Amino acid sequence: MSATPLLFSLPEARTRFAKSAREALNNKTIKPLSNTFNQLPGSENEKKCTLDQAFRGILEEEIINHSSCENVLAIISLAIGGVTGGICTASTPFVLLGDVLDCLPLDQCDTIFTFVEKNVATWKSNTFYSAGKNYLLRMCNDLLRRLSKSQNTVFCGRIQLFLARLFPLSEKSGLNLQSQFNLENVTVFNTNEQESTLGQKHTEDREEGMDVEEGEMGDDEAPTTCSIPIDYNLYRKFWSLQDYFRNPVQCYEKISWKTFLKLMDLQLSDSNFRRHILLQYLILFQYLKGQVKFKSSNYVLTDEQSLWIEDTTKSVYQLLSENPPDGERFSKMVEHILNTEENWNSWKNEGCPSFVKERTSDSKPTRVVRKRTAPEDFLGKGPNKKILMGNEELTRLWNLCPDNMEACKSDTREYMPTLEEFFEEAIEQADPENMVESEYKVVNNSNYGWRALRLLARRSPHFFQPTNQQFKSLPEYLENMVIKLAKELPPPSEEIKTGEDEDEEDNDTLLKENESPDVRRDKPVTGEQLELFANKLGEQWKILAPHLEMKDSEIRQIECDSEDMKMRARQLLVAWQDQEGIHATPDNLISALNKSGLSDLAESLTNDNETNS
């Protein structure tokens, strides 16, 4: 009994919760339920149990009224929110799921189970896992009992995959630690030829109204004969093999082993059936050869048996590789899976150790214990409490400012010079009137060049501007940048007389006029050309991408970066330009266009180049 009794009766409290739940469903928020939960008196356990019953009542009404799966899933989602909000029991969503799957037909159970699959991360969280793992396991097993292994194969597989995702790999309930066999899986067949119905099968099927399938006799055939002659001895021997696959330990007995060898001589005409039987042989051989922890000490193969199994295994793999369709690939896949199974058995034999390596006590970092206190001289003494660092220079540096944060914020820590200060000497040396030989210029100093690049990247707009000029070395590039800076810097710096009558734009124009069209097509494409061509390429960029040697990962990245087709085309061309460097020429681009079947665009690009030339 709770210390604070409820002022409302349980039915009245349940009614209020049900009303709040309906409001919460309509508004798609847990807030109405939380308000009602806080308003009602009593202990939290009593209120949680009352809300749990209210949820089950609402769900029952929806099932009776044959509501859609969306309404049912909305109630379960609301219960999940209630658990997260701390107003209902953690097992409530699982109880509701169990109720739904017990009442609905299998086609609707598929929709409900899809919801269960999507929320596997929720079920694995700390809030739900301990409370719900047994409910989910029971729910899945109940579903598997209802489903047909032959008709609902995909659904059964989804349930098994869900359980594999839900439970950790070391979950003992799914490991079959003692390597037990399903001895109840008995293949029933006629052991007496007189009791066999092979000859009368077609007649009985027709009398019972069953459909005649391919290979069975038609209406105009005799009812007492079979279209395909069947040998009863073959039939009996063939299905006797299944008993060895069901219980492999029989092979350790001498008489059973001899019988098994006789049955191995059977050959099958059906390629699909042959593949199934050969695969069962391989699984059986692996168990007979393998080291299983719980296998009896009497179950030991003789040298003759081991040699026979080894030779037969090779023959089976060879037969599998020759068996259509796609036999070689199937054989390699089976071999890989069985090798993985051997690793799994070894892990179980070792007692299923955890895959997560735990830190041992020896490997834990130990706290360093100071053996003795610091000397008084190091801690400082006197009115200024100066810290002594061992030598005069270190002591001076350490005690420049007692507050380290203030020292870091000081203006004197700004070490980056201005462009005028740093390049002043280089500008003077670049002036032809000063007659400084090239080998003595500071731009040839590698240390100076490294600092110059860092400064230009931080303070010069020319550093990131695209250019068609190709520089063979860093000093050549820096000398060009120095000439540009000299023209822009304010007095007292004077403009450098470079000995050139025209500026760079005039020189570029002159060079372009003197170049032939063939030469210009060998030049790398410019940013302006790429921009114009990207607009024409548009949504056909993906056709061109493989012919520009773009990887699939790069294509996916372009698709993720932008949804605009022109922007994607521009990104493709820029990536190609960065990849090819000086080889990113119009000729190479035109060649790629022709290979990709975009001959119209290739012709357009050719005409544009001839027009510009």
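Trainee: At what angle do helix 8 and helix 9 pack?
Mentor: Axes here are lines fitted to C-alpha atoms, for helices over the stretch in contact, and angles run from 0 to 180 degrees between N-to-C directions. Helices (H or I, at least four residues) are DSSP runs, numbered from the N terminus. Helix 8 (residues 129-146) packs on helix 9 at about 160°, and the axes are 11 Å apart. Angles over 145 degrees count as roughly antiparallel, so that's the label for helix 8 and helix 9.
Mentor: Before we go on, this is a predicted model: local features need pLDDT of at least 70, side-chain atom pairs count only at pLDDT 80 or more, and totals for chains, interfaces and linings use all residues. Residues are numbered from 1 along each chain as its sequence is written, and side-chain values use heavy atoms, with hydrogens and water left out.

Trainee: Which residues meet between helix 8 and helix 9?
Mentor: Contact means heavy atoms within 4.5 Å. From helix 8 you get Y129, L136, L137, C140, L143 and L144; across from them, helix 9 brings F155, C156, I159, Q160, F162, L163 and L166. By type, the contact has 12 nonpolar residues, one polar and no charged. For those classes, Ala, Val, Leu, Ile, Met, Phe, Trp, Tyr, Cys and Pro count as nonpolar, Asp, Glu, Lys and Arg as charged, and the others, Gly among them, as polar.

Trainee: On to charges: how many salt bridges does the structure hold?
Mentor: A salt bridge is a side-chain nitrogen of Lys or Arg within 4 Å of a carboxyl oxygen of Asp or Glu. The structure has 11 of them. One of these joins R158 and D110, at 2.7 Å from N to O. R158 sits in helix 9 (residues 153-166) and D110 in helix 6 (residues 106-118), so this pair ties together parts 48 residues apart in sequence.

Trainee: Is R158 buried or exposed?
Mentor: Buried means under 20% relative accessible area, exposed over 50%, partly exposed in between (1.4 Å probe, protein chains only). R158, at 19%, is buried, while D110, at 28%, is partly exposed.

Trainee: How far apart in helix 11 are D243 and R246?
Mentor: Three residues, or about one turn of helix 11 (residues 232-246). D243 is partly exposed at 29%, and R246 is buried at 19%.

Trainee: Which residues are linked in a network of salt bridges?
Mentor: R22, E61 and E62.

Definitions and conventions: Helices (H or I, at least four residues) and strands (E, at least two) are DSSP runs, numbered from the N terminus. Angles under 35 degrees count as roughly parallel, over 145 as roughly antiparallel, 65 to 115 as roughly perpendicular and the rest as oblique.
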